[in-house]
Amino acid sequence: MDKKSCYVCGKENLNKNEIGLTKKLLDKNSKYFYCLDCLAEYLEVDTEFLLVKIEEFKEQGCILF
C-alpha cells in the first residue's frame, strides 16, 4: 500500500483510520484523503466526535478500518 497524504494540509503517512474514515464518510472510491483534523474541519465537527465514530464503525465490523 502506498503512503497517503492529507489533501488539505499535506500531512504524510495517514493511518488506516484516517483513510478508512475518509472513505466511509465521503467516498468509498476517493483518491483524496484527509487527516483527522482536516476532516473534522471539513465536516464541521470536532475530532473527538470522529474518534468515537471510528470506534463505532470498528465495532460494527466495517472492513475499512
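Read along the sequence, the elements of this chain run α-α-α. The model is a predicted one. Three helices and zero strands are present in the chain. The radius of gyration is 11 Å, which agrees with the value near 11 Å for a compact globule of 65 residues.

**Overall dimensions and packing**

- Taken along the principal axes, the C-alpha atoms of the chain fill a box of roughly 30 × 25 × 20 Å.
- Of the 65 residues in the chain, 32% are buried.
- Contacts between residues at least 6 apart in sequence include a 41% share that joins residues at least 24 apart.

**Surface and charge**

- The chain has an accessible surface of about 4,600 Å², and carbon and sulfur atoms account for 47% of that surface.
- Side chains counted as charged comprise 10 positive and 12 negative ones.

**Asn-13**

- Asn-13 lies in the segment before α1, a helix that spans 16-25.
- Leaving aside residues up to four places away in sequence, Asn-13 touches Lys-3 and Lys-4.
- Asn-13 and Lys-3 are 10 residues apart along the chain, and their C-alpha atoms are separated by 5.2 Å.

How values were computed: Residues are numbered from 1 along each chain as its sequence is written. This is a predicted model: local features need pLDDT of at least 70, side-chain atom pairs count only at pLDDT 80 or more; totals for chains, interfaces and linings use all residues. Side-chain values use heavy atoms; hydrogens and water are left out. Helices (H or I, at least four residues) and strands (E, at least two) are DSSP runs, numbered from the N terminus. Contact means heavy atoms within 4.5 Å. The radius of gyration is taken over C-alpha atoms; the globule rule is 2.2 Å times the number of residues to the power 0.38. Buried means under 20% relative accessible area, exposed over 50%, partly exposed in between (1.4 Å probe, protein chains only). Accessible areas come from the Shrake-Rupley method with a 1.4 Å probe; for residues, only the protein chains shown count as cover. Lys and Arg count as positive and Asp and Glu as negative; His and the chain ends are not counted. The place of a charge is taken as NZ of Lys, CZ of Arg, CG of Asp or CD of Glu.
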